[in-house]
Amino acid sequence: DHNAEYMGISSGSRNMVCIRQATVDDLLAMQNCNLSCLPENYQMKYYFYHMLSWPQLLFVAEDYNKKIVGYVLAKMEEDAAEVHGHITSLAVLRSHRKLGIATKLMTAAQRAMEETFSAEYVSLHVRKSNRAAFTLYTETLGYQIHEIEEKYYADSEDAYDMRKMFKSKPKTAKTEGANKNKEKEKEKEADEADSADKTEAQTAETKGTAPAGSVPQAVGGTQRQTSSKKGRKGRG
């Protein structure tokens, strides 16, 4: 079912929308939705690139007639200093706006970034003039302006570079396994060090000498006596 989540929204059957993970078969419909809604358009190979690289991060909104009415296209920036996700494109057909679909799509992609890829945060760009999208990102989804990128778009309009920090990195099975291995290694090192100390002490006891690192009382006494003699010699 590709992680399907059905949204039962009032005002008629047209609002029965399913939010699910996208498949290769959805890419053409996603592109058509993009062309209908946004001035930033992409060639089909760009959609394939996202699907082949991060299939977990592409989601669509499908109505009761199996028509794609919205989508989110996202990716991971895994080579950056901080591993994070990026929203490449989000669109919802005008006929299905103001129904919470965009929020559902964004939430699905963000959850996948955090749970699947342990992303530290998610970023996106939005036109300074797109007040509706800006309000969605800031007031509903909790994004903040990171910086302004001048002339970011092809028509030279500035963009807000926005980010949303994730609260914490989820522990994956891989991470937990690595942590357990580290703990076992530390315990092994501690046991080996303890065993080495015991062996050294036993050897020293057998030979009648003190183990390395300790200060025998006899040495301390000799040092004090030498110091005392020097003192008397100096005064004489």
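This is a predicted model: local features need pLDDT of at least 70, side-chain atom pairs count only at pLDDT 80 or more; totals for chains, interfaces and linings use all residues.
The secondary structure of the protein consists of six helices and eight strands. Along the sequence, these elements are arranged in the order β-β-α-α-β-β-β-α-β-α-β-β-α-α. The protein has 236 residues, and buried residues account for 35% of them. Of the contacts between residues at least 6 apart in sequence, 59% join residues at least 24 apart. The accessible surface of the protein amounts to about 15100 Å², and carbon and sulfur atoms contribute 49% of that area.

Helix 1 spans residues 27-37 and contains Cys33. The relative accessibility of Cys33 is 2%, so this residue counts as buried, the cut-off for burial being under 20% relative accessible area. When residues up to four places away in sequence are set aside, Cys33 is in contact with Val69, Gly70, Tyr71, Ala91 and Leu93.

Charged side chains were considered next. Side chains of opposite charge can pair when their charged atoms come close. In total, seven salt bridges are counted in the model. One of them joins the side chains of Asp26 and Arg20, with an N to O distance of 2.7 Å. Asp26 has a relative accessibility of 7% and therefore counts as buried. Arg20 is likewise assigned as buried because its relative accessible area is 10%. Another salt bridge pairs Lys66 with Glu62, where the closest N and O atoms are 4.0 Å apart. In this pair, Lys66 is exposed, with a relative accessible area of 57%, whereas Glu62 is buried, at 10%.

A further salt bridge is formed by the side chains of Glu157 and Arg127, again described by an N to O distance of 2.7 Å. This pair links distant parts of the chain, the two residues being 30 positions apart. Glu157 is situated in the loop between strand 7 (144-149) and strand 8 (159-165), while Arg127 belongs to strand 6 (residues 121-127). Both Glu157 and Arg127 are buried. Elsewhere, salt bridges with shared partners connect Arg20, Asp26, Glu62 and Lys66 into one network.

The crossing of helix 1 past helix 2 is right-handed. On the side of helix 1, the residues that take part in the contact are Leu27, Leu28, Met30, Gln31 and Asn34. Their counterparts in helix 2 are Met44, Tyr47, Phe48 and Met51.

Methods. Residues are numbered from 1 along each chain as its sequence is written. Side-chain values use heavy atoms; hydrogens and water are left out. Helices (H or I, at least four residues) and strands (E, at least two) are DSSP runs, numbered from the N terminus. Buried means under 20% relative accessible area, exposed over 50%, partly exposed in between (1.4 Å probe, protein chains only). Contact means heavy atoms within 4.5 Å. Accessible areas come from the Shrake-Rupley method with a 1.4 Å probe; for residues, only the protein chains shown count as cover. A crossing is left-handed if the near helix is turned anticlockwise from the far one by less than a right angle, and right-handed if clockwise.
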